[in-house]
Amino acid sequence: DAIGCNITFLRVSAERAVLEVLDASCHTPIGAYAEFENGEIHLQAMVVSLDGAQSYAHETTGAVENAQDAQALGRAVGEALKAEMPAGFLDQQVED
């Protein structure tokens, strides 16, 4: 497609999959960043408590040929983060 970039699409697919697994909203302190090089995505993600006192991070690198591969990599990172966090950690609420 003339206005699309496949590498950007793969990177964003991986990042969004992390956020989807963690059920992130615009009020959730979560970051995900994917880099693509030589057919692989290096994906880093972090979740931080609202007060900044606790944080959990995970990263991995994997071969990616299509959006399904990128999403699978992102889901794996999201699931690894979920397994590290205590129950209810993602239920934090931003005070208005």
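## Terms and basis of the model

A crossing of two helices is left-handed if the near helix is turned anticlockwise from the far one by less than a right angle, and right-handed if clockwise. By this convention, α1 and α2 cross in the right-handed sense. Helices (H or I, at least four residues) and strands (E, at least two) are taken as DSSP runs and numbered from the N terminus.

The structure is a predicted model, in which local features need pLDDT of at least 70 and side-chain atom pairs count only at pLDDT 80 or more, while totals for chains, interfaces and linings use all residues. Residues are numbered from 1 along each chain as its sequence is written, and side-chain values use heavy atoms, with hydrogens and water left out.

## The sheet

Three strands form an open sheet in the order β1-β2-β3, with antiparallel pairing; two strands count as paired if DSSP finds at least two bridges between them. Because β1 and β3 stand at the edges, each with a single partner strand, one side of each has no neighbour in the sheet. On average, neighbouring strands are turned by 10 degrees against each other, direction ignored.

Eight bridges join β1 and β2, and these strands form a hairpin with two residues between them. In the turn, Asn38 has a positive phi of about 55 degrees. His42 in β2 stands opposite Glu35, and the bridge partner of His42 in β3 is Thr61.

## The helices

Helix α1 lies across β1 and β2 and runs at about 150 degrees to β1. Helix α2 packs on the sheet, where α2 touches β2 and β3, and its direction makes about 150 degrees with that of β3. The axes of α1 and α2 come within 7 Å and cross at roughly 35 degrees. Such axes are lines fitted to C-alpha atoms, for helices over the stretch in contact, and angles run from 0 to 180 degrees between N-to-C directions.

Contact means heavy atoms within 4.5 Å. Residues of α1 that meet α2 include Phe9, Leu10, Ala14 and Val18; among their counterparts in α2 are Ala70, Gly74, Val77 and Lys82. Arg16, also found in α1, is exposed, with a relative accessible area of 61%. Buried means under 20% relative accessible area, exposed over 50%, and partly exposed in between (1.4 Å probe, protein chains only). Arg16 and Tyr33 are 17 residues apart in sequence and 9.6 Å apart in space, C-alpha to C-alpha.

## The nonpolar core

A nonpolar core is a set of buried Ala, Val, Leu, Ile, Met, Phe, Trp, Tyr and Cys residues joined through side-chain atoms within 4.5 Å. The largest such core has 18 residues, of which Leu22, Ile41, Leu43, Val47, Leu81 and Met85 touch the most other members. Two or more residues come from each of α1 (6-21), β1 (30-37), β2 (40-48) and α2.

Leaving aside neighbours within four places in sequence, the contacts of Leu43 include Ala14, Val18, Tyr33, His58, Leu73 and Val77.

## The aromatic pair

One aromatic pair is found in a search of the whole structure. The ring centres of Tyr56 and Phe89 lie 5.1 Å apart and their planes are at 85 degrees, so the pair is edge-to-face. Rings of Phe, Tyr and Trp (its six-membered ring) pair if their centres lie within 6.5 Å; planes under 30 degrees apart count as stacked, over 60 as edge-to-face and the rest as tilted.

The pair links distant parts of the chain, 33 residues apart: Tyr56 belongs to strand β3 (residues 55-63), and Phe89 to the segment after α2 (67-84). Tyr56 counts as buried at 16% relative accessibility, and Phe89 counts as buried at 7%.
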